Amino acid sequence: MPAPTGSEIGTLAKSAMQAASLRGENAPDLATALGDACGQTFTLFVGMAVVSPGIPAAAPPPAGSGSTAGPGMLLPPPAGGPGASQIEPIVQALLASNRINGEKQGALAKAIAQSVEQALVLFTSMVMVAPGMAIAGFTTSSPGTLAGAAPAKALLQPLALGFLQAGGIQGENAPDLAGAIAETLSNAMTQMMSRLKVTPGIASSPGATASPGRLM
């Protein structure tokens, strides 16, 4: 199953903005832009994500069959996902197409891109590949699942606020906007984690996987 779509995340963003009392005339358009930007970025992440080799395995010869016996790690961006420089043009275009303009548009796009990148970095450090992938003929033969927890709003909000303030977005609503961005990212990543699987076909030695893996 793919990552959450832009429309799905947009719904999460609208709820987050309402909960943060961000109800101005541009709030729905900003929520749509944030949702679509996250949807496109998460799709890029799934395509770029890398499961590191070296997952502990128990697959003794001669059959080379068994299962993985320990957790696996995901590579962080930029090696295992899009960085802020790739995300920012996506956000900028979506802000413009949703009529979010003005002198702070560029700073807002940069802050959102940086927030999404850091959320992905945290995701790849906090979420792991669960043990138990079947191995047959020294190759994983069943999909893997993800374990752990996506980064919470409380972890993401100070990061988002720092990026907004660094871009000169410092009004009384800045903490509320940071909270809405953080809540949207946390909820969307929780959905993404529940949907993603590790693709079978990872080469394995008797004691550990020997090639990188991919998500699907």
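What volume does the largest cavity have? I looked this up in a predicted model, in which local features need pLDDT of at least 70, side-chain atom pairs count only at pLDDT 80 or more, and totals for chains, interfaces and linings use all residues. Residues are numbered from 1 along each chain as its sequence is written, and side-chain values use heavy atoms, with hydrogens and water left out.

**Entry 1: cavity.** I note a volume of about 40 Å³ for the largest cavity. On a 1 Å grid over the protein atoms alone, a cavity is a set of points where a 1.4 Å probe fits but cannot get out, and lining residues have an atom within 4 Å of a point. Points are joined across faces, edges and corners, and a volume is the space filled by probe spheres set on them. My search of the whole structure finds one cavity of 30 Å³ or more. The lining of the largest cavity consists of Ser115, Gln118, Ala119, Leu156, Leu159, Ala160, Ile181, Ala182 and Leu185. H4, helix H5 (153-166) and H6 each give two or more residues to this lining; helices are DSSP runs (H or I, at least four residues) numbered from the N terminus. By class, I record seven nonpolar, two polar and no charged residues. Ala, Val, Leu, Ile, Met, Phe, Trp, Tyr, Cys and Pro count as nonpolar, Asp, Glu, Lys and Arg as charged, and the others, Gly among them, as polar.

**Entry 2: H4 against H5.** I find H4 and H5 packed at an angle of about 150°, their axes 9 Å apart. Axes are lines fitted to C-alpha atoms over the stretch in contact, and angles run from 0 to 180 degrees between N-to-C directions. H4 is therefore roughly antiparallel to H5, a term for angles over 145 degrees. In the contact (heavy atoms within 4.5 Å), Ser115, Gln118 and Ala119 are among the H4 residues, and Leu156, Leu159 and Ala160 among those of H5. The contact has eleven nonpolar, three polar and no charged residues.

**Entry 3: pocket.** I then turned to the largest pocket, with a volume of about 470 Å³. A pocket is an open set with protein on both sides within 12 Å along at least five of seven lines. Of its 19 lining residues, Leu22, Leu30, Ile169, Asn173 and Leu177 lie nearest its centre. Helix H2 (27-48), helix H4 (105-126) and helix H6 (174-195) each supply at least two lining residues. The lining divides into nine nonpolar, six polar and four charged residues.

Notes: Parallel < 35°, antiparallel > 145°, perpendicular 65-115°, else oblique.
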